[in-house]
Amino acid sequence: MKDRKAVTLQLWNRVNANARRRGLFRDGDAILLAVSGGPDSVALLDYFAGQARAHRLRLHVCHVNHKLRGRLADADAAFVKKLAAGYGLPSSILSADVRALAKKHGNSVEHAARNARYRLLSAAALKQKCSLVATAHHADDHAETIILNLLRGTEPKGLLGIPEKRELCRKGKARVDLVRPLLAVSRREIEEYIKFNALPSRKDHTNDDEHYTRNWIRKTLLPLMLKKQPRLREHLAELSAKLSPLLPR
């Protein structure tokens with residue numbers, strides 16, 4: 001029967017092994033943690049807080065409020081600030097009027113949110129002198145991205161999915177890389193980690209709206225595909241790894 005220690009070590013060991021293999025972070029790194037307050041990013045924060053002393057990591061928590069959910073978004077920001085303080089970590093709460101940005105640039109709200117988020121994370125990382133920004137994308141996100149690209153019609157590079165590490169920004173001699181350590185684990189493993197460690201988190205109900213294609217893939221299509229092939233996530237990850245040396249991003 002599983003217990004908290006077993007579940008925790010299982011996730012830590014998988015993420016650590018993959019991080020070493022992919023060179024995602026090194027001892028002494030300064031890392032900006034992108035924390036929305038949802039279960040995935042809370043697990044990311046808890047994981048890095050558990051690694052900080054052994055690897056001499058300097059951590060800074062950053063939350064981006066997209067101003068899309070009114071008081072709920074403000075509550076998310078307050079939750080993350082309190083959560084970071086509970087771990088004894090400094091935090092930055094940033095915001096962007098995503099609807100106004102989408103209207104101004106003629107983009108979808110999702111596209112505007114993504115652009116604003118990475119722009120703000122880049123600026124925060126440079127300000128805090130962090131060489132890495134870590135986000136909480138996991139194996140299911142990777143599979144969903146590839147399937148979404150296929151549905152929309154994609155060039156071969158769309159099969160690469162979500163990269164585990166890429167350059168995010170550069171200013172003078174300062175370079176910031178974006179890393180996704182949790183790509184080594186599934187959503188189910190993260191939910192189990194959250195449950196056994198009794199970690200609080202926030203729920204964004206817009207993620208349940210299947211009007212958005214990604215949400216439909218997450219809630220309907222991918223579960224059906226996994227019933228037929230439980231190792232679909234691994235197969236898509238292996239495909240991306242094989243294609244990565246052949247295709248420029």
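## The second largest pocket

The second largest pocket holds about 800 Å³ of space. This is a predicted model, where local features need pLDDT of at least 70 and side-chain atom pairs count only at pLDDT 80 or more, while totals for chains, interfaces and linings use all residues. Residues are numbered from 1 along each chain as its sequence is written, and side-chain values use heavy atoms, with hydrogens and water left out.

The pocket is lined by 28 residues, and Asn18, Arg22, Glu164, Leu183 and Ala237 sit closest to its centre. Helix 1 (4-22), helix 6 (139-152), helix 7 (187-196) and helix 9 (232-243) each give two or more residues to that lining. Sorted by class, the lining has 12 charged, 11 nonpolar and 5 polar residues; Asp, Glu, Lys and Arg count as charged, Ala, Val, Leu, Ile, Met, Phe, Trp, Tyr, Cys and Pro as nonpolar, and the others, Gly among them, as polar.

Now to a loop residue. Glu210 is found between helix 7 and helix 8 (213-228), in the loop. Glu210 counts as partly exposed because its relative accessibility is 34% (buried is under 20%, exposed over 50%, partly exposed in between, with a 1.4 Å probe and protein chains only).

Leaving aside neighbours within four places in sequence, Glu210 is in contact (heavy atoms within 4.5 Å) with Asn215, Trp216, Lys219 and Thr220. With Thr220 there's a side chain to side chain polar contact at 2.7 Å (a pair of N or O atoms within 3.5 Å, one able to donate a hydrogen and the other to accept it).

Technical notes: 1 Å grid on protein atoms, 1.4 Å probe; cavity = no way out; pocket = protein on both sides within 12 Å on 5 of 7 lines; lining within 4 Å. Points joined across faces, edges and corners; volume = space filled by probe spheres on them. Helix = DSSP H or I, 4+ residues; strand = E, 2+ residues; numbered from the N terminus.
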